[in-house]
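Here is a friendly walk through a two-chain model, meant to be read with the structure open beside you.

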Amino acid sequence: MYFVQILVNGILLGSVYALLGVGMTMIFGIVKLTNLAHGEFVVLGAYLSTVLAPMLGVDPVVTLIITVPLMFLSGFLLQYFFIGKAMKKGAEPALLVTFGLSIILQDAMLMIFSADAQHIVASYSMSTIKIGELEISVLHLVLFAISVVSISTLTLFLRSTHTGRAIRATADDSDAAALSGVNVNRVYAIAMGIAMASAAVAGLCVGMKWTYYPSSGGGYLLISFVVVVIGGMGSVPGTMIAGVLFGLAQVIGGANYGLLISYVMLLAVLVIKPKGIFGK
Amino acid sequence: MSEALLDIENLSAGYGDFSAVNEVNMKVEKGQIISLIGLNGSGKTTLINTVAGLHRSSSGRVRFKDSDITNLSAEKIVSKGLSLVPQGGRCFNRMSVQDNLLMGSFPKAARKKSKETLCRVYELFPDLKEMRKRPAGTLSGGQRQMAAIGRALMACPDCLIFDEISLGLSPAVIKDIYRRIIKINQEENTSVILIEQDTQRALKASDSFYIMLKGKIVLSGKSSEIDSETLRKAYFGI
């Protein structure tokens with residue numbers, strides 16, 4: 001039973017890690033850019049929900065109605081007017097823009113929200129439910145549901161809409177996509193918008209699960225990297241599997257060995273299948 | 001003389017200081033098949049990529065259907081009715097054949113008619129219909145070229161440009177593809193530009209020809225009127 005409990009906890013928690021990786025993998029796979037500001041996007045999402053929930057007097061999850069569109073729009077504009085322009089000069093300038101952005105965001109959040117630890121509290125944060133002998137945290141279930149709904153919506157969007165198809169085509173061959181009538185810069189902007197929107201969701205989840213600071217972004221960036229590399233860059237299903245593996249490693253290894261196990265796993269994947277489990 | 005569908009005037013383009021295309025003039029009438037032939041590195045692909053919006057010109061003008069399309073972006077040019085089948089086809093390998101074709105009808109005007117156009121493309125290439133669910137990356141070279149042609153047709157173009165469509169394909173497959181290109185030209189009255197190194201085949205299929213050497217057009221005329229000696233001299237620059 002103990003084993004099942006670990007498995008369930010690992011999967012539930014893993015969905016949050018998958019969510020952290022999704023935005024990163026979109027940018028890797030579509031825009032072909034390493035977004036060093038992804039961790040700060042997540043923290044920004046967490047702060048937005050932390051501020052909005054008590055202000056509006058609603059459950060933290062409801063704040064997504066505001067944070068997701070807001071972050072999508074910010075990502076779209078950011079890519080279209082800043083990062084996209086830098087990309088024309090090459091990959092390195094664009095990488096530096098995202099690095100600069102991460103510093104600016106971190107310092108801005110430090111100024112606005114102070115260095116104090118923050119945590120998003122919901123009425124069910126401490127409750128658990130019992131299923132047979134299993135004891136499951138309601139919070140974990142909520143996070144899992146949010147993650148599954150977000151990632152499935154994204155997958156469905158990519159598979160079955162005109163824009164989704166254009167995004168996949170651009171990821172495959174951007175010149176051929178342009179020759180088919182796709183405005184590639186606009187697709188990149190949409191991809192960054194989706195990445196930031198996913199960071200808003202991930203931010204809510206990590207903010208509800210753990211305490212965070214303005215400087216927490218680096219840690220989340222690292223987790224996103226590990227998840228994306230294990231899963232295979234640009235692969236959404238790969239990111240989900242890798243997220244769950246990462247979650248299991250955290251639950252099995254606990255606070256002492258969780259990260260160690262994840263990095264050993266990362267090394268193993270890099271040696272055996274350098275492009276990641278679902279890499280092409 | 002009627003106004004040309006595609007009119008390239010003194011077009012130049014290059015890479016940094018290197019000029020790959022030098023003051024090229026070219027005209028394509030409605031319904032005509034043109035062949036653009038020349039050695040490797042003579043600037044054919046750069047010329048056509050510049051026309052299609054993948055590369056910026058340094059000077060000159062491109063007019064298509066009476067509007068100036070010089071240095072417009074590729075997606076705007078394709079929505080005006082000029083489609084390029086790039087070298088090697090460049091299918092979206094991870095997407096299914098049908099998704100590849102549907103991508104071709106991404107421009108708004110083409111999207112409205114995409115169902116009928118798709119039927120038409122499947123009629124022209126029945127093989128593609130059978131393989132519509134397979135990822136394009138699993139197709140053979142010839143099948144990939146057909147998928148790429150189908151994708152270009154999905155945009156309902158007035159002018160189709162094929163960049164070395166026969167590259168790396170077997171003679172039987174090339175013959176088959178040429179037969180279908182001519183069918184498209186006759187049935188849809190689509191103008192065609194064939195970029196080729198295989199001069200005999202291109203000349204046989206086309207109404208007129210342009211020979212390119214070191215970035216310049218060195219000879220042009222009616223395909224039926226050229227003798228092999230003049231052709232060889234122009235082609236190799238001797």
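Predicted model: local features only at pLDDT ≥ 70, side-chain atom pairs only at ≥ 80, totals over all residues.

Chain A has 10 helices and 2 strands. Along the sequence, its elements come in the order α-α-α-α-β-β-α-α-α-α-α-α. Chain B is built from 10 helices and 10 strands.

The table sets out the overall values for each chain.

| Chain | Residues and buried share | C-alpha extent along principal axes | Radius of gyration |
|---|---|---|---|
| Chain A | 280 residues, 49% buried | about 60 × 45 × 35 Å | 18 Å |
| Chain B | 238 residues, 45% buried | roughly 50 × 40 × 35 Å | 17 Å |

In chain A, 78% of the contacts with a separation of 6 or more are between residues 24 or more positions apart. In chain B, 68% of the contacts between residues at least 6 apart join residues at least 24 apart.

**Where the chains meet**

How many residues of chain A are in contact with chain B? There are 16 of them, and they touch 21 residues of chain B. On the chain A side, α6 (162-172) and α7 (174-179) each supply at least two residues. The largest share of that side, 6 residues, comes from α6(A). Sorted by class, the side of chain A that touches chain B has 6 nonpolar, 4 polar and 6 charged residues.

**A helix worth a longer look**

Is α6(A) largely enclosed or largely open? It is largely enclosed by the rest of the structure, because 8 of its 11 residues are buried. The buried residues of α6(A) are A:Arg165, A:Ala166, A:Ile167, A:Arg168, A:Ala169, A:Thr170, A:Ala171 and A:Asp172. Both chains take part in covering them: the cover includes α1 (2-31), α5, α7 and α8 of chain A, together with α3 (97-104) of chain B.

One of these partners, α5 (residues 138-160) of chain A, can be followed in detail. The axes of α5(A) and α6(A) come within 5 Å and cross at roughly 85 degrees. That angle makes α5(A) roughly perpendicular to α6(A). From α5(A), the contact uses A:Phe157, A:Leu158, A:Arg159 and A:Ser160, while α6(A) brings A:Gly164, A:Ile167 and A:Arg168. By class, this contact has 3 nonpolar, 2 polar and 2 charged residues.

**The nonpolar core**

In soluble globular proteins, nonpolar side chains tend to be buried together. Here the largest nonpolar core has 156 residues. The residues with the most contacts inside this core are A:Ile27, A:Ala191, A:Met192, A:Ala200, A:Cys205 and A:Val227. Helix α8 (residues 184-209) of chain A gives the largest share of the core, 19 residues.

Leaving aside neighbours within four places in sequence, A:Ile27 is in contact with A:Leu33, A:Asn35, A:Ala191, A:Met192 and A:Ala195.

**A few single residues**

A:Pro93 is found in helix α4 (residues 91-113) of chain A. With 13 other C-beta atoms within 10 Å, A:Pro93 is partly exposed. A:Pro93 and A:Ile83 are 10 residues apart in sequence, and their C-alpha atoms are 8.7 Å apart in space.

Most residues other than glycine have a negative phi. B:Glu23, although not a glycine, has a positive phi of about 45 degrees. B:Glu23 is found in strand β2 (residues 18-28) of chain B, and it counts as partly exposed, with 14 C-beta neighbours inside 10 Å.

B:Glu164 also has a positive phi of about 45 degrees and is not a glycine. Where does B:Glu164 lie? Its place is the loop between β7 (159-163) and α8 (171-188) of chain B. With 19 C-beta neighbours inside 10 Å, B:Glu164 counts as partly exposed, because a residue is buried if 20 or more other C-beta atoms lie within 10 Å of its own.

Note on methods
Residues numbered from 1 in each chain as written. Chains lettered and ligands numbered in written order. Contact = placed C-beta atoms within 7 Å. Helix = DSSP H or I, 4+ residues; strand = E, 2+ residues; numbered from the N terminus. Nonpolar A, V, L, I, M, F, W, Y, C, P; charged D, E, K, R; others polar. Rg over C-alpha atoms; globule rule 2.2 N^0.38 Å. Buried ≥ 20, exposed ≤ 12 C-beta atoms within 10 Å, placed from the backbone. Core = buried A, V, L, I, M, F, W, Y, C linked by C-beta atoms within 7 Å. Axes fitted to C-alpha atoms, helices over the stretch in contact; angles between N-to-C directions. Parallel < 35°, antiparallel > 145°, perpendicular 65-115°, else oblique.
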